[in-house]
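Thank you all for coming; I would like to walk you through one chain this morning.

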Amino acid sequence: MAADTTLTTTTGDGADDVASSLQRLFQKDLLKTIVENTILDQFGKKISLPAKAGSKTMRFFRYGEAAASNVEALTEGTAPTSSHLAVENVDADLVQYGEVISISDLVLATELFNNVEQATVRAGRDAALKVDEVIRAELFKNDADIPGANNIYSGATDAYNNTITAVNAKDFLDSATSLKLQKAIPIGGSYCAIVAPQVARDLMNDGDWIAANHYASPENILRGEVGRMHGVRIVETTVPFSADVATQFTHTGGDYFGTAVVGQDAFAIPNLGSQSPFAPSIVIVTSPDKSDPLNQKVTVGFKVFFVAKNIQPKHIARIYSTTNYGS
């Protein structure tokens, strides 16, 4: 995560003092809300794209798979056949996102500091949630490169249908096994699962559950980590993937929850030199213009570039389940 944010202010007479007095508070609150609210980004491979790079298309690279067949028995005095180091590439186009929050002059006349501050905090939270939303859509899209065995359906079923049941420990054992068979590299020694609070609740009732506060080194827990099971670290998000029986690959807020289990470098996101959603430039406009000739409002806004791309789809497993919460 970036360590600071940028505050840009378009001002009229005397407004520079307001911007100066608020800038440090804005930076602190914006960074805090983004760090606390983004979960999925911590598992992505961050690829740098400098400012003014001349392109909005990012190219992600991956090496071909290792294979014992690349090694041959040697004949004395004879050079072996040369093999090549295959490099594959995946392209993704950056998308620009933005938000503008308007605050009327009547509101500002009574609570200037509080409302501008809260608008900045909300902008930070919205940017954070957008990051997770974009990554979530990529992880659960209809990606033919994700092996069929990496899609796990809870209960006695092998397809996405209305026989899916609540999650169980075996689902996480199966997801870890699938990723091992695909030679996915663990993250810090473990695969990582991103789950809904309802799914985490079901897992906590299982005898194989190990709570994060019982770890030998609890200071090393991931952002949002609540426990582990069968060597899979469980990270909770309040904006999980959920769908109904007709929308396996589209988040619709239904009763079927999707849990993504990932290995190292399963997907990539940009680490931008400018317009980063992790440290967006907040633009505060306080002067009149053609759209606001009487200066009746102040606007707080930001714009960012972002994209997420599955670069190692074989290193992504997906568990579909319902929940026993509320039943």
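Predicted model: local features only at pLDDT ≥ 70, side-chain atom pairs only at ≥ 80, totals over all residues.

Which residue in β10 is the bridge partner of Met 229? In β10, that partner is Val 232. Residues are numbered from 1 along each chain as its sequence is written, and side-chain values use heavy atoms, with hydrogens and water left out.

Let me stay with those strands for a moment. Strands here are DSSP runs of E of at least two residues, helices are runs of H or I of at least four residues, and both are numbered from the N terminus; two strands are said to pair if DSSP finds at least two bridges between them. Strand β9, residues 225-229, and strand β10, residues 232-236, pair in the antiparallel sense over 4 bridges. β9 also pairs with strand β8, residues 210-211, again in the antiparallel sense and over 2 bridges, and there Ile 210 has Arg 228 in β9 as its bridge partner.

The hairpin of β9 and β10 has 2 residues between the strands, and His 230 is found in that loop. His 230 has a positive phi of about 50° although it is not a glycine. As for its surroundings, buried means under 20% relative accessible area, exposed means over 50%, and partly exposed lies in between, with a 1.4 Å probe and protein chains only. His 230 counts as partly exposed because its relative accessible area is 36%. A second case is Asp 265, in the loop between β12 and β13, where phi is near 60°, a positive value in a residue other than glycine. Asp 265 is also partly exposed, at 26% relative accessibility.

Is Thr 237 buried or exposed? Its relative accessibility is 4%, and therefore Thr 237 counts as buried. The side chain of Thr 237 reaches the backbone nitrogen of Val 239 at 3.1 Å. Taking contact to mean heavy atoms within 4.5 Å, and not counting residues up to four places away in sequence, Thr 237 touches Ile 39, Asp 132, Ile 194, Val 195, Ala 196 and Pro 197.

Now to another sheet, an open one of 3 strands in the order β2-β13-β16, with mixed pairing. The edge strands, each of which pairs on one side only, are β2, residues 45-49, and β16, residues 309-310. β2 pairs with strand β13, residues 267-272, in the parallel sense over 5 bridges, and Lys 45 stands opposite Ala 268 in β13.

That brings me to the interior. A nonpolar core is a set of buried Ala, Val, Leu, Ile, Met, Phe, Trp, Tyr and Cys residues joined through side-chain atoms within 4.5 Å. The largest such core has 30 residues, and those with the most contacts inside it are Phe 43, Ile 135, Leu 139 and Val 262. Among the elements that each supply at least two residues of this core are α2, residues 105-139, and β17, residues 316-321, and α2 gives the most, with 4 residues. Ile 135 touches Leu 40, Asp 41, Phe 267, Ile 269, Phe 306 and Ala 308, not counting residues up to four places away in sequence.

Stepping back to the whole chain, there are 4 helices and 17 strands, and buried residues make up 44% of the 327 residues. Among contacts between residues at least 6 apart in sequence, 77% join residues at least 24 apart.

Finally, a word on confidence, for which pLDDT is the predictor's own value for each residue, from 0 to 100. The mean pLDDT of the chain is 82, and 83% of its residues reach 70 or more. Over residues 1-15 the pLDDT stays under 50, and the model has 37 contacts beyond four places in sequence for them. Over residues 17-22 the pLDDT is also below 50, and this stretch has 6 contacts in the model beyond near neighbours in sequence.

Conventions:
Polar contact = N/O pair within 3.5 Å; in protein donor to acceptor, adjacent residues only side chain to side chain.
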